[in-house]
Structures are given as structure tokens and as C-alpha cells.
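Subject: Structure handover

Hello,

Here is the structure I promised to pass on. Please open it first, then read my notes below.

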Amino acid sequence: MTNDTICAISTPQGTGGIAVIRISGDKAITIADQLFYAPNGQHILTTLTANKAQYGQIKRADQTLDEVVATIFRAPHSYTGEDIVEIACHGSIYIQHTLLQWLIDCGCRLANPGEFTQRAFLNGKMDLTQAEAVADLIASENQAAHQIAIKQIKGGIRNEIQQLRDKLLHFTSLIELELDFADHEDLTFADRTELKQLISNIKQRLTQLTDSFQQGNAIKNGIPVAIIGPTNAGKSTLLNQLLHEDKAIVSDIHGTTRDIIEDTITINNLLFRFIDTAGIRHTQDTIENIGIERALQAAQKATIVLIMLDATMPLEVFQKTLEELKAEIGDAKQIILINKTDLIEQTKKEQIELQLQNITHLFISAKSAQGIDKLQQLLIDNSQINQDYQHATISNLRHYEALKRALQAITQVEQGLNDQLSGELLSLDLNDCLKALAEITGEISSQEVLNNIFSHFCIGK
Ligand SMILES: Nc1nc2c(ncn2[C@@H]2O[C@H](COP(=O)(O)OP(=O)(O)OP(=O)(O)O)[C@@H](O)[C@H]2O)c(=O)[nH]1
Ligand SMILES: [Mg+2]
């Protein structure tokens with residue numbers, strides 16, 4: 001599977017100005033050469049030096065398929081570490097598919113999703129975090145997500161893990177020295193205070209990295225913003241307004257939304273994930289109650305909760321509803337939205353204002369998009385995203401889970417040191433920590449994990 005020569009269309013499905021077909025493997029150049037004719041009518045690809053682009057024609061028997069440019073990369077100085085030919089042809093679907101078929105007829109195999117990158121990883125061109133960053137870079141839709149991915153591709157996470165590993169290895173060697181000479185009671189090699197300091201540093205860095213996941217995940221998958229409030233307040237109207245599309249059903253019937261409806265949109269280079277929820281009210285309807293339960297769960301998990309109230313509600317009800325809702329929300333930032341302000345007089349607005357002193361609030365009209373600009377600004381201000389990415393930010397769940405395991409192991413080591421445990425016992429936890437770190441970079445990996453990672457790539461990358 002890893003020795004054969006693979007090919008794939010690397011540009012998106014469909015017609016474009018040009019398309020790129022990529023071939024990688026031992027026979028990449030000889031196979032491409034069978035179909036490629038230089039302007040002098042000769043097959044010359046095998047004679048070309050590396051990193052060279054050559055104009056020519058793709059022909060078979062008496063059929064000329066296209067005029068193309070072929071670029072040659074030679075192992076190991078290529079993306080996959082193998083010989084690669086990239087053929088830039090005209091972007092007709094017919095040309096792309098015929099060329100692919102001809103390459104297969106000549107001995108290539110169609111690449112699996114992510115197989116080029118998987119080969120790059122297996123050939124040591126990149127570690128697993130860098131390979132994963134390739135997919136993140138392709139998927140990045142805004143500046144923040146792009147920055148995290150590009151940092152990771154340049155080895156940001158790999159270097160972090162490497163540094164941690166070096167510190168751990170140093171610590172382990174000190175402990176093992178102690179073990180080797182355990183019979184000599186009068187010899188103490190590792191100063192335990194120094195060891196404690198070393199472990200405390202490692203633990204601190206592991207904690208910072210795991211803590212950064214909340215931010216990294218929010219940047220990658222969208223900062224969760226839950227919209228909650230009583231039925232008919234205008235929550236779904238607001239969702240549609242923010243997304244610029246009719247995503248959720250809007251009606252004047254109370255209890256229209258039953259389930260969670262969510263979608264993402266980028267505001268000022270940050271991705272937000274808006275979650276519209278079922279209106280909260282006392283009801284006997286079983287399904288609606290499940291929806292309400294889900295609404296409250298969404299509010300618990302969100303970074304920002306928009307509590308939406310209907311400005312036309314009587315003042316007493318307004319205050320009571322607000323207090324009930326606030327009690328249901330966890331640590332999230334809360335923004336009170338007073339909707340349907342187009343329906344109230346100035347005096348009512350002033351009365352509400354009086355009740356909401358010192359609470360972040362905004363008067364809006366979701367229906368007529370009034371106040372939406374201000375709301376977007378409030379969302380950015382409350383996003384809790386620190387936009388300077390000086391330090392490595394973890395945005396990958398797999399890395400996060402391995403780091404948590406590493407942190408757990410190092411906490412055990414710390415505890416062991418405090419409890420004066422023998423070096424032998426400390427070694428066990430140290431090895432667990434090293435193993436968790438090695439899984440992140442892919443020094444230890446199973447086929448199952450690799451398949452899972454690369455199957456999420458697009459074909460041709
Ligand atoms: N006048 C006015 N009407 C609005 C405004 N926002 C929403 N509405 C209307 O209020 C009604 C309820 O709107 P929805 O968006 O369905 O309310 P909801 O909060 O999602 O309701 P549930 O799904 O039942 O919880 C609809 O008839 C909307 O057109 C507004 O700003 N002004
Ligand atoms: Mg609704």
C-alpha cells in the first residue's frame with residue numbers, strides 16, 4: 001500500500017481555469033513520462049532535474065488530450081518525500097478525469113483521502129501535529145483559525161512537546177541514576193528540591209497548554225453563543241438575522257422552536273457558533289420540555305449567553321423572568337437583549353433601563369435588524385479570545401486528551417515526590433507522561449489512529 005504510486009486530482013471538484021493532478025511514488029516520473037510529450041515530440045520527464053516545470057502535451061495513441069505544465073520534484077525533497085509529478089492541465093472535468101484514468105491505466109492507484117500527507121508523515125517529512133495542521137489550514141475560514149493552523153504547521157506544537165519531553169527525560173535520567181545506585185545508601189544523586197522544581201515547571205506548562213484548548217477549540221469550531229429566553233421573544237428571528245438566512249422557523253405561535261438549531265458565521269475574523277433554543281415556559285408538552293432542557297444545557301456550555309426578553313412584557317413579569325433565567329446560567333458572559341423595541345414607547349424603555357443598571361444590555365429589534373451592529377461589537381468584546389497567539393494554542397481534541405493524560409501522570413509524579421516514593425514507582429508515571437506526549441507527535445501511533453486522522457482529509461492532499 002505504501003510502495004505503489006498514487007495519483008489524485010488536487011484541485012476542487014468541478015470546472016476551473018486550471019486543475020492540478022498530483023502523482024507520488026517510485027514510478028511517478030516514469031508513468032507521467034509515458035503520457036507527456038515535450039515540444040520536440042520526445043519523452044523527457046525522466047531526464048529533467050528536480051524542481052523543474054516543463055511545458056508539453058498529454059497524448060495517448062493518436063489522441064491529444066491537453067497542453068499542460070508538468071512539475072517534477074525528486075525524493076526526498078518533495079511534499080511526500082517521494083518522487084512527485086504535478087500536472088497542471090486545463091480545468092475541464094473531461095480532461096481531469098481522462099488524465100486520471102490514463103494514469104491509472106499506466107500503473108498508478110487512485111489516492112485515498114489524505115494519503116499524500118500520510119506518506120509525508122510516514123517518510124518523516126513532518127510530525128503528526130503538522131500533518132493535522134495541513135487539514136486545519138485547508139479548513140481555515142478566518143484569520144484566527146488560519147493563524148493557529150499556520151503556527152502548528154511550522155512546528156509550534158511539535159517544539160512545545162519536544163521541550164517538555166527533553167525536560168522529562170532529564171528528570172527521568174536523574175531518577176534512574178538514583179535507581180541504579182540504590183544499594184549505595186550514602187549516595188544521593190538527585191536533589192529532591194531541584195526535582196520538585198523541575199516537575200512543577202513541567203506541570204505548569206502542561207496546564208497552560210490544556211487550558212489553551214478552550215480558546216483553540218472556540219476559534220476552530222466557533223465561539224458558542226446560546227440565545228435563550230421565553231417563547232415568542234424573537235430568538236429565532238435574531239438567529240436568522242445574524243446568519244443572514246432563514247435558518248430557523250419564525251412564527252407568532254409560542255413554542256415554535258423545539259430543538260437546538262445552530263450555525264456559524266465569522267464576525268471580525270472570529271468564528272461564532274450561534275445556538276437558537278426552545279423558548280422557556282412551563283408546559284405539559286413532553287417534547288417541548290425536552291427542548292427546554294436542551295436549551296438550558298446549551299446555556300450552561302456556552303461562552304456567551306444572550307438572554308432575550310420581549311420589551312412589550314409587563315415590567316413585573318420582565319424582572320421575574322430575567323431573574324429566573326439568570327439563575328439557570330453557569331459562568332458564561334451574559335448579555336440581556338430587549339427585543340421588539342419598535343413596539344414600545346420611550347417611557348417604557350426608560351423604565352426598563354432603570355431596572356437594568358449595571359447589567360450588560362442592549363435594546364434591539366431583531367425583525368428590523370436594529371441594534372445588530374452593536375450586538376456584534378458586544379460579542380467580539382465578550383468573546384474571551386486573546387487575539388495575540390504568542391504561545392502555542394491547542395485546537396485539536398486528540399492533542400487535548402493526550403495532554404490531559406500527561407498532566408494527570410505528572411500530577412502523580414509530583415504527589416509521589418512529596419510522599420517520598422521510590423524512584424522505581426515514579427518511573428511508571430513518568431513513562432505514562434512520556435507516552436502521552438509521544439502520541440501527540442505520532443512517535444507512537446496505531447494504524448487505527450492514523451486512519452482516523454487521514455480519512456478526514458480531502459482527496460488529493
Ligand atoms: N415587532 C417585532 N416583532 C418581532 C421582532 N422580533 C421577532 N418578532 C416577531 O415575534 C414573533 C416570534 O418570533 P420568533 O423569532 O419565532 O420567536 P422565538 O423566540 O424564536 O419563539 P419560540 O421559538 O416560540 O421560543 C414572530 O412573529 C416575529 O416576527 C421585533 O423585533 N419586532
Ligand atoms: Mg424560535
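The buried residues of helix α3 are Glu115, Phe116, Thr117, Gln118, Arg119, Ala120 and Phe121. Buried here means that 20 or more other C-beta atoms lie within 10 Å of the residue's own; 12 or fewer makes it exposed, anything in between partly exposed, and C-beta atoms are placed from the backbone. Helices (H or I, at least four residues) and strands (E, at least two) are DSSP runs, numbered from the N terminus. What lies over α3? The cover of its buried residues includes β1 (6-9), β2 (16-24), α4 (128-139) and α15 (447-454). Just after α3, glycine 124 has a positive phi of about 75°.

Some ground rules. This is a predicted model, where local features need pLDDT of at least 70 and side-chain atom pairs count only at pLDDT 80 or more, while totals for chains, interfaces and linings use all residues. Residues are numbered from 1 along each chain as its sequence is written, and chains are lettered from A and ligands numbered from 1 in the order in which they are written.

Now the overall picture. The protein has 15 helices and 13 strands. Its radius of gyration, taken over C-alpha atoms, is 30 Å, well over the 23 Å that the globule rule gives for 461 residues, so the protein is more spread out than a compact globule. That rule is 2.2 Å times the number of residues to the power 0.38. The C-alpha atoms fill a box of roughly 85 × 85 × 40 Å along the principal axes. Buried residues make up 38% of the 461 residues.

Next, the domains. The bounds come from an automatic or database domain assignment. Domain 1 covers 6-127 and domain 2 covers 128-442. Their C-alpha centres lie 43 Å apart. The contact between them takes 5 residues from domain 1 and 8 residues from domain 2. Contact means C-beta atoms, placed from the backbone, within 7 Å.

One sheet to look at is open and has 7 strands. Its order is β3-β4-β5-β6-β2-β1-β7, with mixed pairing. β3 (36-37) and β7 (109-110) stand at the edges, each with a single partner strand, so one side of each has no neighbour in the sheet. Strands pair if DSSP finds at least two bridges between them. β1 and β7 pair in the parallel sense over 2 bridges. Cysteine 7 has leucine 110 in β7 as its bridge partner.

Then there is ligand 1. Which residues come nearest? Of the 23 around it, they are Gly234, Ser236, Thr257, Gly279 and Lys367. A residue is near if its C-beta atom, placed from the backbone, lies within 6 Å. Helix α8 (residues 235-243) gives the largest share of this shell, 3 residues.

Last, some backbone details. Most residues other than glycine have a negative phi, and most peptide bonds are trans. The bond from alanine 75 to proline 76 is cis, with omega near 0°. Proline 76 sits in the loop between β5 (63-73) and β6 (84-91). Asparagine 51 has a positive phi of about 55°. Asparagine 51 counts as exposed, with 11 C-beta neighbours inside 10 Å. Glutamine 384 also has a positive phi, near 60°. With 13 C-beta neighbours inside 10 Å, glutamine 384 counts as partly exposed.

Best wishes

Conventions:
Contact = placed C-beta atoms within 7 Å.
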